[in-house]
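I'm opening a notebook on a structure that is new to me. These are my entries, in the order I looked things up.

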Amino acid sequence: MNRVIRCRHGLRAVAAYVRSAPGTYVWLLILFFTTVALHHMSPAFEQDFLRQRSTNIHELSQNPMRVLITSAMWIDGGRWLPYALLYTVFHASAERWLGTLRWLAVCVVAHVFATLISELALLKAIHDGMAPHSAVNTLDIGVSYALAGVMAVLTYRIAAPWRYPYLAVLLAIYAVPLATSRTFTDFGHLLGVLLGLACHPLVRGRGKAWNPKETLAALWVNVRA
């Protein structure tokens, strides 16, 4: 009986958490259905299908608004569970802290501007002969630029000095690939981080920053009690 009660309490806690971040979990639900749809496509059809929804140079020149929206509704690679974890840890935390509208603003800023700037950099590389002309059709879909921006804006959720190690690790995660491989997507990811940090005005008035030391002290008191 006690196990049933605990299970019900756990389910209610999960449901309350999901309701507190509706934007995150609606988006995640869309990604679930689109990922299932991808698994039912042949490899050749999938590539052509995704390329038409990609924010590559060709598609952006034809219908930028459409592809900027649709590209954020698909996951390249077809692995949904890792994103479910990342969305719960980062997106849901940011939405619960900032509110849905401010969280969505961070996502849009990071996704749109990181996409446009990185594609402009790729276009310049093509014009300068540093990339082949076929790169105008490069597949570029996914939610990673928005995720990078949200991970970055959460820096301000953490009290100093704890935020600085978090920021250092975050910058290393996204700067090292750019330094080694120098692809336009690596550039876009780092841009997403910088754009998320630039969203600092959106965090004003959102309450006291989280202090890990205070949380650990409270846990220690509960354990000893």
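In which helix is Q62 found? I looked it up, and Q62 is in helix α4, residues 57-62. Helices here are DSSP runs of H or I with at least four residues, strands are runs of E with at least two, and both are numbered from the N terminus.

A note on what I'm working with: this is a predicted model, where local features need pLDDT of at least 70, side-chain atom pairs count only at pLDDT 80 or more, and totals for chains, interfaces and linings use all residues. Residues are numbered from 1 along each chain as its sequence is written, and side-chain values use heavy atoms, with hydrogens and water left out.

Back to Q62: is this residue buried or exposed? Q62 is exposed, since its relative accessible area is 55%. (Buried is under 20%, exposed is over 50%, partly exposed is in between, with a 1.4 Å probe and protein chains only.) I also checked Q62 against E119: they sit 57 residues apart along the chain, and 14 Å separates their C-alpha atoms.

Next I stepped back to the whole protein. I find eleven helices and zero strands. The C-alpha trace spans about 70 × 40 × 30 Å along its principal axes. Of the 225 residues, 40% count as buried.

Then I picked α2, residues 22-39. Its 18 residues reach 26 Å from first C-alpha to last, close to the 26 Å expected (1.5 Å times one less than the number of residues). Among the buried residues of α2 I noted W27, L28 and L31.

How do α7 and α8 pack? Helix α7 (residues 100-127) and helix α8 (residues 144-153) have axes 8 Å apart, at an angle of about 125 degrees. Axes are lines fitted to C-alpha atoms, for helices over the stretch in contact, and angles run from 0 to 180 degrees between N-to-C directions. The pair is therefore oblique (under 35 degrees is roughly parallel, over 145 roughly antiparallel, 65 to 115 roughly perpendicular, the rest oblique). Their contact (heavy atoms within 4.5 Å) includes W103 and H111 of α7 and Y145 and G149 of α8.

Last, I followed α8 to helix α9, residues 163-181. Their axes come within 10 Å and cross at roughly 160 degrees, so α8 and α9 are roughly antiparallel. On the α8 side A148, M151 and A152 make the contact, and on the α9 side Y166, L170 and Y174.
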